[in-house]
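Please keep the sequence and the structure in view while reading.

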Amino acid sequence: MMSYVQIDGAIKQYADSVVLQKVSLQVEQGELVTLLGPSGCGKSTLLRCIAGLETLDGGSIRVNGNDISLLPPQRRNVGMVFQSYALFPNMTVFDNIAFGLKMRKMALEEIANKVNQTIEMVHLSGKESAYPHQLSGGQQQRVALARALVTEPDILLLDEPLSALDAKIRKNLQSELRNIQRDLKMTMIFVTHDQEEAMTISDRIFIMNAGEIAQQGKPENIYASPKNEFVARFIGSYNVLTDRDIFRLSGRSVSFGTYAIRPEVMELYPNGEAPSKPSEPGIRLEGNISSVTVRGNVRRYQVQAQDVNLTIDELNVPHKKILDEGLLIEVRIPEAACTLLE
């Protein structure tokens with residue numbers, strides 16, 4: 001059976017620059033998927049092509065079995081929330097949200113009912129008569145979300161909608177957006193370059209690089225099993241070592257290839273304090289701590305081992321002393337934690 005959203009071989013080119021290179025992906029009905037990748041990878045362009053704000057140079061976009069590739073934006077029944085909010089400054093909260101319904105010439109009573117229900121859903125009750133300049137950034141983004149939701153689109157597209165907000169408001173809105181999506185069982189495609197945000201809200205993630213899908217899957221599967229070096233470096237600060245690096249640093253021979261090692265699985269011991277018998281087979285090497293950063297509940301160490309810089313994370317627990325910069329340490333890496341990349 002065909003997926004609810006089916007993108008096949010999408011191509012988009014500007015002059016000599018190919019932004020989308022035969023991108024194909026599927027989204028199931030009621031699913032929230034995230035397009036994740038660095039700036040310029042093509043994720044926002046793909047979103048704009050789905051919305052009809054850009055025209056594909058090749059390939060097709062189908063929603064619920066219908067080809068919408070050539071339809072104008074107003075006939076696609078696709079909602080979109082932008083990073084910039086794009087609210088009408090001369091309209092109240094109520095009128096901003098009602099705008100799309102008025103364009104559809106819906107009855108005034110029905111408009112009022114739908115708008116009031118949506119205002120309650122996004123926790124803006126009491127702000128109906130306020131103008132955008134009287135709202136905080138988080139409240140303005142709620143208005144933009146409500147304006148897209150009230151028209152009951154087949155798909156809701158969100159282009160980095162939370163990136164301009166401060167950290168606390170952003171986390172609250174991530175949670176609220178996820179709850180709204182689940183309650184409405186709405187199909188959403190979310191664009192971000194923030195790995196943590198993608199991990200928090202997504203049913204599945206599509207990681208994009210240079211106009212292509214580098215890997216797709218559930219957040220936990222992508223984090224645990226990156227396919228290639230780009231994904232490993234982008235998704236979770238993995239350490240990437242070749243078999244030659246490992247032999248040179250530890251004297252240990254491993255199968256030919258490139259390995260990804262998560263920063264939190266590596267263990268640090270001041271020189272001479274490591275247990276004589278490791279708990280499981282693994283790799284041992286020595287290095288010096290070049291920097292220490294406390295990141296809330298995690299301490300991040302940068303360790304210089306010959307010409308290789310390693311990132312190592314450990315929980316920031318009160319009873320464990322922070323190791324000093326310059327300290328000679330032993331690093332132990334469980335063998336099972338070394339993921340062989342394609």
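## A helix pair

The crossing is right-handed, meaning that the near helix is turned clockwise from the far one by less than a right angle. V93, N96 and I97 of α2 meet V143, A146 and R147 of α4, contact being heavy atoms within 4.5 Å.

The model is predicted, so local features need pLDDT of at least 70 and side-chain atom pairs count only at pLDDT 80 or more, while totals for chains, interfaces and linings use all residues. Residues are numbered from 1 along each chain as its sequence is written, and side-chain values use heavy atoms, with hydrogens and water left out. Helices (H or I, at least four residues) and strands (E, at least two) are DSSP runs numbered from the N terminus.

## The six-stranded sheet

An open sheet of 6 strands runs in the order β6-β7-β8-β3-β9-β10 with mixed pairing, two strands being paired if DSSP finds at least two bridges between them. Because β6 (78-81) and β10 (212-217) each have a single partner strand, these edge strands are left without a neighbour in the sheet on one side. From one strand to the next the twist averages 20°.

Strands β6 and β7 pair in the parallel sense over 4 bridges, and M80 has L157 in β7 as its bridge partner. Helix α4 packs on this sheet, touching β6, β7 and β8, and its direction makes about 175° with that of β6. Helix α1 (residues 43-51) lies across β3, β6, β7, β8 and β9, running at about 150° to β7.

## Nonpolar cores

The largest nonpolar core has 33 residues, of which L145 and L156 touch the most other members; such a core is a set of buried Ala, Val, Leu, Ile, Met, Phe, Trp, Tyr and Cys residues joined through side-chain atoms within 4.5 Å. Buried means under 20% relative accessible area, exposed over 50%, and partly exposed in between (1.4 Å probe, protein chains only). At least two residues of this core come from each of several elements, including α2 (93-103), α4 (137-149) and β7 (155-159), and α4 gives the most, with 6 residues.

Not counting residues up to four places away in sequence, L156 touches G79, M80, V81, L145, A148, L149, M186, T187, M188 and I189. A second, separate core of 28 residues includes L35, L56, V78 and I189.

## The five-stranded sheet

A further open sheet has 5 strands in the order β13-β17-β14-β15-β16, with antiparallel pairing. Strands β13 (267-270) and β16 (308-315) form its edges, each pairing on one side only, and the twist averages 45° from one strand to the next. Strands β14 and β15 pair over 7 bridges, with S291 opposite Q302 in β15. Helix α9 (residues 243-250) touches β14, β15 and β16 as it packs on the sheet, its direction making about 95° with that of β14.

## Positive phi angles

K22, although not a glycine, has a positive phi of about 55°. K22 is found in strand β2 (residues 17-27) and is exposed, with a relative accessible area of 63%. E152, also not a glycine, has a positive phi of about 55° and is placed in the loop between α4 and β7.

Note on methods
Axes fitted to C-alpha atoms, helices over the stretch in contact; angles between N-to-C directions.
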